[in-house]
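Please read the points below with the model open beside you.

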Amino acid sequence: MKKKYIKNSDAKYLVKYDAIRIIKGFFIKKEHIFTVKNLENDFPDMPKAFQIYIRLCSMQRKQAKLARRVNKLKKYYEKPTELFARFVTGYFMTPETIETVAPITVKRFLHLLNNGYYKELKDLFDIFQKKY
């Protein structure tokens with residue numbers, strides 16, 4: 001009973017997609033565009049419970065899309081290599097700010113830099129210090 005109306009109509013596609021285009025006819029093609037936003041206009045005889053169900057499915061898809069995006073960005077920004085790259089970039093641009101935000105990290109970084117741990121980075125720092 002739950003999906004009985006939806007199964008027998010074109011609304012069944014709206015359970016999976018937010019907007020669909022259905023082309024009917026062989027010689028004379030009729031095109032119908034259905035969206036979740038225009039659910040009442042597209043399906044005026046659909047019971048309210050089914051409209052709510054389709055909107056719920058749409059919102060779940062949007063929430064899943066946002067969650068995937070947040071997880072992808074979080075995974076990217078929490079990588080040690082990315083954190084180090086952001087730290088070095090910040091230290092190049094505004095060393096005073098970085099020193100106030102992360103003094104222990106700056107101290108460790110400068111210790112390793114002066115001891116030759118970051119070979120090419122040391123040369124780059126020397127070039128920029130001589131230039132300015």
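**Notes on the model**

1. Leaving out residues up to four places away in sequence, Phe43 touches Tyr5, Asp10, Ala11, Leu14, Phe34 and Gln51. Contact here means heavy atoms within 4.5 Å. The model is predicted, local features need pLDDT of at least 70, side-chain atom pairs count only at pLDDT 80 or more, and totals for chains, interfaces and linings use all residues. Residues are numbered from 1 along each chain as its sequence is written, and side-chain values use heavy atoms, with hydrogens and water left out.

2. Phe43 also belongs to the largest nonpolar core, which has 14 residues; Leu14, Phe34, Phe43, Met46 and Ile54 touch the most other members. A nonpolar core is a set of buried Ala, Val, Leu, Ile, Met, Phe, Trp, Tyr and Cys residues joined through side-chain atoms within 4.5 Å. Buried means under 20% relative accessible area, exposed over 50%, and partly exposed in between (1.4 Å probe, protein chains only). The elements giving two or more residues to this core are β1 and α3 (48-77), and α3 gives the most, with four. Another core lies apart from it, of eleven residues, including Phe87, Leu113, Leu121 and Phe125.

3. Helix α3 has 30 residues and reaches 43 Å from its first C-alpha to its last, close to the 44 Å expected. That expected span is 1.5 Å times one less than the number of residues. Helices (H or I, at least four residues) and strands (E, at least two) are DSSP runs, numbered from the N terminus. Within α3, Phe50, Gln51, Tyr53, Ile54, Cys57 and Ser58 are buried. Their cover includes α1 (4-7) and α2 (39-42).

4. Strands β1 (residues 19-24) and β2 (residues 30-35) pair in the antiparallel sense over six bridges; for strands to pair, DSSP must find at least two bridges between them. Ile20 has Phe34 in β2 as its bridge partner. The hairpin has five residues between the strands, and Gly25 takes a positive phi near 100 degrees.

5. How many aromatic pairs are there? Rings of Phe, Tyr and Trp (its six-membered ring) pair if their centres lie within 6.5 Å; planes under 30 degrees apart count as stacked, over 60 as edge-to-face and the rest as tilted. By this rule there are nine aromatic pairs. Tyr76 and Tyr77 make an edge-to-face pair, 4.9 Å centre to centre with 75 degrees between the planes. Tyr76 counts as partly exposed because its relative accessibility is 37%; Tyr77 does so because its value is 40%. Phe84, Phe87, Tyr91, Phe109, Tyr117 and Tyr118 form one aromatic cluster.
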